[in-house]
Amino acid sequence: MKFKTRLYITFIMIIALPMLLTALAFCGIGLYLMNVQKGFPADFNYSAVSENMKEIVESTDKAFFVLQDQVREDASRLADKEYLEQINSNIARKSTYIIVRKGSDLYYAGNEEAAKAIFPKLPEYGDGELLEDSGLYYDEFDKFVKQVDFLFPDGDEGSAFVVTKANSLISKHLLVDMFVAILLILIFTSVMLTQWIHKGVFNPINELNIAMRKIKEGNFEYTLQTNVKGEIGDLYRNYEDMRLRLKESTEESRKSEEQNRELVSNISHDLKTPITAIKGYVEGIMDGVADTPEKMDKYIKTIYNKANDMERLINELTYYSRIDNNRIPYNFHRINVADYFGDCVEEVGMDLEQRNIELNYSNLVAPDTIVIADPEQMKKVINNIISNSIKYMDKPHGVIDIRILDEVDSIRIEIEDNGKGIAQKDLSRIFERFYRTDASRNSAQGGSGIGLSIVKKIIEDHGGYIWATAKEGEGTCMHFVLRKYIELGNEKQS
């Protein structure tokens, strides 16, 4: 749930919930207090808890004056119970009713249940004149009474009473109870909203805080999973993305450090071999070992070749630094596949012929097939692959096959040799930087172990991909794919 929605709900609950609970408490407490008072009718009436004493007296007087006028005009009508019921029903206030006494017996009661309690306490006949103006208040019943005396048609003494439930006690209890109820309602609302916000906001933030401390300590395995939507869910998901990226970055950094250490070790080893050889041959010249022109020529050529080996290693290091920082300069052009690879084969063929290695070339794509590529970088790919083939050639008669195959919307170049091959356990790793299958680092083969990683990087930067197949003892085949350049009308694709 979003914070904005949560705030809206909180705002509404702060207003609506206390109001609702207060209304329920008001109704419940009022109904309870009115029902527990003896003689109070069961029907709930809001006026019973809101009117003051003046209103109570006025309500009583209205009914009293009706009875008083009737006694003066014709007292015999008060013996008519239907007439008395009519007067009682016309009283606007439900907590006011009429009692008529004949002699010492209850003759009529507008509320029989309430009348039973107060009837024995009512004033005697003849006290009506004393109560005519002020009335009588029964504290124990919380009732206000006015009396008018008259004679029944048969001569019996009669008294008519107007009884009104006084609400001062109810109002007092109601105020106290409502104050307590409102206080409890506010506490309940506060606790409920606090728990809701604590569970929905503070708990997730505390968990996120713990997770961030784990990240600070270098622990990238502490996960936070949630299906919650809104800002909290976004925070959790962003944390997970950050954690995975940091974990990946840390692992890459650690791997890079290991590779750099391995590179330094490899280069140190590979540089040490030619330097040792150069020093040995120079010392031979200085000591006069090369005492004939033939020996001198041999020593100088060996020193030259070893220097070339060192230069090659340094160049590979420089190129590796550029490829590692994505700073390889590319100059892409549209090149004709047949022409370009034909020239490459002609160029490398001369070198292979000198090494007594047979070169076979076949082009199975259309003569007008074009790709977008950097000619210089693509030449480095071919040279690196062929150099590897030459380096690991262990047959007296070496053979290298170059094939250009059509793959509908792309071309596939295969460079296959009949060298020593690659073991299956090494095949998946040969494109890793610094990886070498010759763990012993045979100085005759040399190499820094970054040649094929450079090849893979260049091919991928051309939008292609590369892989290898091999069989140990029989040979290796490198495959790489480049997309064709296709021109359809005015629309060009590559």
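Predicted model: local features only at pLDDT ≥ 70, side-chain atom pairs only at ≥ 80, totals over all residues.
Residues are numbered from 1 along each chain as its sequence is written, and side-chain values use heavy atoms, with hydrogens and water left out.

Let me start with helix α3, residues 81-89, where Tyr83, Leu84, Ile87 and Asn88 are buried; helices here are DSSP runs of H or I with at least four residues, strands are runs of E with at least two, and both are numbered from the N terminus. By buried I mean under 20% relative accessible area, by exposed over 50%, and by partly exposed anything in between, with a 1.4 Å probe and protein chains only. Seen down the axis of α3, the buried residues fall within an arc of 140 degrees, so they line one face of the helix; the arc is that of the directions from the helix axis to the C-beta atoms. Glu82 and Ser89, on the other side of α3, are exposed. The N-terminal end of this helix is capped by Asp80, with a side-chain oxygen 3.1 Å from the backbone nitrogen of Glu82.

Helix α10, residues 375-391, has 17 residues and reaches 24 Å from its first C-alpha to its last, close to the 24 Å expected at 1.5 Å a residue, where the expected span is 1.5 Å times one less than the number of residues. Its buried residues include Met378, Val381, Ile382, Ile385 and Ile386. At the start of α10, a side-chain oxygen of Asp374 comes to within 3.0 Å of the backbone nitrogen of Glu376.

Turning to charged pairs, the structure holds 21 salt bridges, each being a side-chain nitrogen of Lys or Arg within 4 Å of a carboxyl oxygen of Asp or Glu. One of them joins the side chains of Lys146 and Asp61, at 2.5 Å from N to O. Lys146 lies in strand β4, residues 143-151, and Asp61 in helix α2, residues 53-74, so the pair ties together parts that are 85 residues apart in sequence. Lys146 is buried at a relative accessible area of 3%, and Asp61 is buried at 15%.

Another salt bridge pairs Glu407 with Arg412, with the closest N and O atoms 2.8 Å apart; Glu407 is partly exposed at 30% relative accessibility, whereas Arg412 counts as buried at 18%. Salt bridges that share partners join Asp401, Arg403, Glu407, Arg412, Glu414 and Glu416 into one network.

Now to the backbone. Most residues other than glycine have a negative phi. Val408, however, has a positive phi of about 70 degrees; Val408 sits in the loop between β9 (398-406) and β10 (410-417) and is exposed at 72%. Asn356 likewise has a positive phi, of about 60 degrees, in the loop between α9 (337-354) and β7 (357-363), and is exposed at 52%.

Which residues make the nonpolar surface patch of about 650 Å²? The patch is made by Val176, Phe179, Val180, Leu183, Leu184, Ile187 and Val191. Of these, Val191 is in helix α6, residues 168-216, and is partly exposed at 45% relative accessibility. Patches take residues with over 30% relative accessible area and no salt bridge, joining like charges within 9 Å and nonpolar side chains (Val, Leu, Ile, Met, Phe, Trp, Tyr) within 5 Å, and accessible areas come from the Shrake-Rupley method with a 1.4 Å probe, only the protein chains shown counting as cover for residues.

Definitions and conventions: Polar contact = N/O pair within 3.5 Å; in protein donor to acceptor, adjacent residues only side chain to side chain.
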